[in-house]
Amino acid sequence: MSEPELDPRIAMVRDGYDAIGRRYHDWSHSGSTRLRFARELTDRLAPGSTLVDLGCGPGDPATRLLSERHLVVGVDLSAVQLKIARQLAPQALLVRADISRFAIRPAALDGVASFYALGHLPPDRHRPLLEAVARWLRPGGVLVTSAPLSAGEGVEDGWLGVPMFFGGVGVDATVAAATGAGLVVERAEHVVETDSLAEDGSPEQFLWLVASRPET
Ligand SMILES: C[S@@+](CC[C@H](N)C(=O)[O-])C[C@H]1O[C@@H](n2cnc3c(N)ncnc32)[C@H](O)[C@@H]1O
């Protein structure tokens, strides 16, 4: 059976991360924000919990940290990033797939992490992904994710040396999508990352969401 055709914007992201290779890890891994949120997620869940890390990239430091205590499935579309993740997060299971077309049994997961990946999805894929995550989480399960602050889509021509697609729906629509999917948004934090600079020297800024599926 042939693979369903990939949206060209998502194919651009895959090809971009394949071409970027280790440059993404070298540029990004020392930022403290993802570690703060990865620790928050890992501390909330019992050891041995089952988690999915959507858009796990090179797997360091977040996937590695999560997989030291939990059963983690890292999902990414870039074969090159997954190859790096095999070395840097050896305890994680790794799957090559489009996170906006991924399927998991309902209520199978204790947690979902997705750090800096939603911002590469076309805007019309954000709400369906949050709805899917809400189905995958068991009651009491937790989502921790970053998302773009603003709505829109576009291509940056020389992002880490490659053309790269970015898309988002903005703060209000992201929170509304999570709430509409049945998640309780515990925190929606606008984080300015002073220790993680964009290529133009300005601090990276994202919405960080901590949301959970109600127990009943
Ligand atoms: C900015 S990196 C973040 C990597 C890692 N989560 C971290 O915190 O460093 C984004 C990752 O998401 C992956 N990604 C983006 N869109 C994706 C999609 N639709 N399906 C699967 N992976 C995707 C990219 O290949 C890339 O590895």
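Okay, let's start with a term: two residues are in contact if their C-beta atoms, placed from the backbone, lie within 7 Å.

Quick word on what you're looking at. This is a predicted model, where local features need pLDDT of at least 70, side-chain atom pairs count only at pLDDT 80 or more, and totals for chains, interfaces and linings use all residues. Residues are numbered from 1 along each chain as its sequence is written.

Let's go to helix α4 first. Is α4 enclosed or open? Six of its eight residues are buried, so the rest of the structure largely encloses it. Buried, by the way, means 20 or more other C-beta atoms within 10 Å of the residue's own, exposed means 12 or fewer, and partly exposed is in between, with C-beta atoms placed from the backbone. The buried ones in α4 are Ala 62, Thr 63, Arg 64, Leu 65, Leu 66 and Ser 67. And what covers them? The cover includes α3, β1, β2 (71–76), α5 (79–88) and β4.

Two packed helices are described by the angle between their axes and the distance between the axes. For α3 (residues 33–44) and α4 (residues 62–69), the axes come within 9 Å and cross at roughly 20°. Those axes are lines fitted to C-alpha atoms, for helices over the stretch in contact, and angles run from 0 to 180 degrees between N-to-C directions. So α3 and α4 are roughly parallel to each other; that label covers angles under 35 degrees, with over 145 being roughly antiparallel, 65 to 115 roughly perpendicular and the rest oblique. On the α3 side, the contact is made by Arg 34, Leu 35, Ala 38, Leu 41 and Thr 42, and on the α4 side by Ala 62, Leu 65, Leu 66 and Arg 69. By class that's six nonpolar, one polar and two charged. Here Ala, Val, Leu, Ile, Met, Phe, Trp, Tyr, Cys and Pro count as nonpolar, Asp, Glu, Lys and Arg as charged, and the others, Gly among them, as polar.

The peptide bond from Asp 60 to Pro 61 is cis, with omega near 10°, and Pro 61 sits in the loop between β1 (50–54) and α4.

Ala 107 isn't a glycine, yet its phi is positive, about 60°; you'll find Ala 107 in the loop between β3 (93–96) and β4 (109–114). Tyr 116 also has a positive phi, near 65°, and lies in the loop between β4 and α6 (126–136). Buried or exposed? Tyr 116 is buried, with 21 other C-beta atoms within 10 Å, while Ala 107 is partly exposed, with 13.

Another helix pair: α6 and α7 (residues 171–180) pack at about 35°, axes 8 Å apart. His 126, Arg 127 and Leu 130 of α6 meet Thr 174, Ala 177 and Ala 178 of α7.

Val 169, in strand β7 (residues 162–169), is buried too, with 25 C-beta neighbours inside 10 Å. Leaving aside neighbours within four places in sequence, Val 169 contacts Pro 123, His 126, Ala 151 and Thr 174.

Last, the ligand. By class, its shell has eleven nonpolar, seven polar and three charged residues.

Methods. Helix = DSSP H or I, 4+ residues; strand = E, 2+ residues; numbered from the N terminus.
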